[in-house]
Amino acid sequence: MQIAVTLSPTVQISADSFDAGLASKSVLSLEVGRERFRFMVQDSRGQGLYLEDYTFPSLLTERSVTGVLPEVFREHPVLSAGPWQEIRIGVNSPSFTLIPAPLFRKEYAGSYLSLMRGSALPAHEFAQSYTHEAEGFLSVFNMEHLLADFFSETYPLQPLVFIHQVGTLVQATADLDRHALTADNVYLFFEDEFVTIICRSSGKVRFCNRFGYKNVQDLAYYMLYVFEEQTLAPELTPVFLYGEITPFAEAYAELSRFLPNLTFGQIPPGLRLSSAFDDLPNHRYLSLYGLGLLSE
């Protein structure tokens, strides 16, 4: 049995200067996952003016994300506007891998994911890729045909760019690292029971992966294992926290026992945001902000 739910944003930010009628000169960034949907609008100067954040009550409904999104989009004054200058879509799907550009072959994209997953992609999914030119690799990830079709039908004949959530974090941490004071830096992004770990050395990605964990002891073990494998000194390396984590979280308390240079991260310096965003935690929306930096 499906239970009817009312889908309203948990967070809504709008600058006084925001005008959905200027969509043709604006960039729409959308981030979609199984339990969350967020979007941001940037004006012609790249300044973020509008943001909404939705949490899908997965415990109350068995519908897939493609079954819920139409209710969010239907008659929405911003999402139904357009045409847009560009639409960027961050996909938080379970499978992704990074392939060095010289080794990548488009026809083998599905095989890269099958090797990583240990099984072939199901018929309702396909392999999508995004080129990180500055990094020298491509991210390959799984997408559902229904999700791709939904956006293509919602925004027909409009430029759509698809990228995995981890890819947006790669983009955001590249901007952060350009302004870092240390050569080695570690960035952690938390969402649900997963953490994405990106280690950068002198600006280059040294390690990038996402782990699931059931308790904070497992999380600490994974972190210390990565530090050991990457020959990073826990007592010296800055570690920046992003995503769904707070100073009161059990994960923060546990990690701070082993990582003395643990701090909550800031907004990427390359992203301009309206003062309407000032009340949002700086560390929370890094993946969405990474979408706003794709043209950088």
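The model is a predicted one, in which local features need pLDDT of at least 70 and side-chain atom pairs count only at pLDDT 80 or more, whereas totals for chains, interfaces and linings use all residues. Residues are numbered from 1 along each chain as its sequence is written, and side-chain values use heavy atoms, with hydrogens and water left out.

The pLDDT, which is the predictor's confidence in each residue on a scale from 0 to 100, averages 93 for the protein, and 95% of the residues score at least 70. Over residues 1-5 it stays under 50. Where pLDDT is low, the predicted coordinates should not be read in detail.

Helix α1 spans residues 65-73, and its residues Val65, Thr66, Val68, Leu69, Val72 and Phe73 are buried. These residues lie on the same side of α1, because they cover an arc of only 155° around the axis, the arc being that of the directions from the helix axis to the C-beta atoms. Helices (H or I, at least four residues) and strands (E, at least two) are DSSP runs, numbered from the N terminus. Among the elements that cover the buried residues of α1 are strands β2 (27-32), β3 (36-42) and β4 (47-55) and helix α3 (145-154). Leu69 is in contact (heavy atoms within 4.5 Å) with Val32, Phe37, Phe56, Leu147, Phe150 and Phe151, leaving aside neighbours within four places in sequence.

Rings of Phe, Tyr and Trp (its six-membered ring) pair if their centres lie within 6.5 Å; planes under 30 degrees apart count as stacked, over 60 as edge-to-face and the rest as tilted. The whole structure holds 17 aromatic pairs. One of them joins Phe73 and Phe151, which are edge-to-face because their ring centres are 6.2 Å apart and their planes stand at 70°. Since Phe73 belongs to helix α1 and Phe151 to helix α3, this pair ties together parts that are 78 residues apart in sequence. Phe211 and Tyr222, in turn, form a stacked pair, with 5.1 Å from centre to centre and 15° between the planes. This pair links strand β12 (residues 204-212), which holds Phe211, to helix α5 (residues 216-229), which holds Tyr222. Phe211 counts as buried at 18% relative accessibility, whereas Tyr222 is partly exposed at 26%.

Ser93 lies in the loop between β5 (86-91) and β6 (96-100), and it is buried, with a relative accessible area of 7%. Beyond its neighbours within four places in sequence, Ser93 is in contact with Phe141, Asn142, His164 and Arg210.

Most residues other than glycine have a negative phi, and most peptide bonds are trans. The peptide bond from Gly82 to Pro83 is cis, with omega near 0°, and Pro83 is placed in the loop between α1 and β5. Ser202 is not a glycine, yet its phi is positive, about 50°; Ser202 is exposed, with a relative accessible area of 61%.

Key. Buried means under 20% relative accessible area, exposed over 50%, partly exposed in between (1.4 Å probe, protein chains only).
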